[in-house]
Amino acid sequence: MFTGIITDIGSVRKIEKRGDTRFEFSTAFDTSKIALGASIACNGACMTVIETGSDWFAIEASAESLDKTTLGDLEVGSRINLEQATRIGDELGGHIVSGHVDGVATLTKRIPEGDSLRLTFEVPEAFAKYIASKGSVTLEGVSLTVNEVDGNTFGINLIPHTQTHTTLGSKQPGDRINFEIDMLARYVARMLGKD
């Protein structure tokens with residue numbers, strides 16, 4: 001489990017396409033304290049650490065992960081939002097995030113609003129029912145509050161801190177973005193028989 005509070009912006013240092021795709025990410029995390037098998041959210045996708053170095057760690061992404069996320073879009077040098085798994089007793093500063101990416105959203109608008117940025121996203125129609133005004137959504141691993149919803153589009157606001165401490169501040173219209181719907185919305189819909 002994660003909180004959607006990004007604690008490092010890493011970068012892709014190496015990609016190897018084998019049966020699965022191996023990624024190595026440079027990071028500021030203390031990798032000597034990252035156990036093999038640990039979970040790290042990489043642009044919101046929960047991935048398993050298979051190797052570490054002095055300032056990097058490696059994961060393997062299956063075809064399913066590449067199909068359902070934007071990990072397959074990454075290139076050497078790409079910046080990536082990183083968050084280590086939450087430990088019991090850690091502050092829950094965002095919302096409960098599973099790291100199970102639901103799909104890919106598209107950024108459709110980017111409008112400066114004071115010091116903030118107003119971003120509008122479009123998601124596949126099947127997920128529209130899970131997104132509610134003032135509810136939570138995870139984009140590229142970042143916990144955010146939904147401002148408004150219109151069909152399968154919704155808007156969020158990025159304060160300056162989020163613009164500089166995540167990769168979202170550099171995203172442009174047309175960019176593909178990992179999204180995870182709010183876990184509570186998923187279970188409520190299931191209980192009501194709407195899923």
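Let me begin with Glu-113, which is partly exposed, with a relative accessible area of 39%; here buried means under 20% relative accessible area, exposed over 50%, and partly exposed in between, with a 1.4 Å probe and protein chains only. What we are looking at is a predicted model, in which local features need pLDDT of at least 70 and side-chain atom pairs count only at pLDDT 80 or more, while totals for chains, interfaces and linings use all residues. Residues are numbered from 1 along each chain as its sequence is written, and side-chain values use heavy atoms, with hydrogens and water left out.

Glu-113 forms a salt bridge with Arg-118, the closest N and O atoms being 3.1 Å apart, where a salt bridge is a side-chain nitrogen of Lys or Arg within 4 Å of a carboxyl oxygen of Asp or Glu. By this rule the count comes to 12 salt bridges. Among them is the one between Glu-24 and Arg-13, at 2.9 Å from N to O; Glu-24 lies in strand 2 (residues 21–26) and Arg-13 in strand 1 (residues 8–17), so this pair ties together parts that are 11 residues apart in sequence. Strands here are DSSP runs of E with at least two residues, numbered from the N terminus. Glu-24 is buried, at 6% relative accessible area, whereas Arg-13 is partly exposed at 38%, and both belong to a network of salt bridges that also links Arg-22 and Glu-51. A further bridge joins Lys-33 to Asp-30, with the closest N and O atoms 3.9 Å apart; Lys-33 is exposed at 65% relative accessibility, and Asp-30 is partly exposed at 41%.

Turning to the rings, which pair when the centres of Phe, Tyr or Trp rings (for Trp, the six-membered ring) lie within 6.5 Å, with planes under 30 degrees apart counted as stacked, over 60 as edge-to-face and the rest as tilted, a search of the whole structure finds 5 aromatic pairs. One of these, Phe-127 with Phe-179, is edge-to-face, at 5.2 Å centre to centre and 80° between the planes. This pair links distant parts of the chain, since Phe-127 sits in the loop between strand 8 and strand 9 and Phe-179 in strand 12 (residues 176–181), 52 residues apart. Phe-127 counts as buried at 18% relative accessibility, as does Phe-179 at 0%. Elsewhere, Phe-23, Phe-25 and Phe-57 form one aromatic cluster.

Which residues touch the most other members of the largest nonpolar core? A nonpolar core is a set of buried Ala, Val, Leu, Ile, Met, Phe, Trp, Tyr and Cys residues joined through side-chain atoms within 4.5 Å, and in the largest one, with 22 residues, they are Phe-121, Leu-139, Leu-144, Phe-154 and Ile-156. Strands 7 (103–113), 8, 9, 10, 11 (153–158) and 12 each supply at least two residues of this core. A second, separate core of 18 residues includes Phe-29, Ile-59, Ala-61 and Leu-74.

I will finish with the backbone. Most residues other than glycine have a negative phi. Glu-140, in the loop between strand 9 and strand 10 (142–150), has a positive phi of about 55°, but Glu-140 is buried, with a relative accessible area of 1%.

Conventions
Helices (H or I, at least four residues) and strands (E, at least two) are DSSP runs, numbered from the N terminus.
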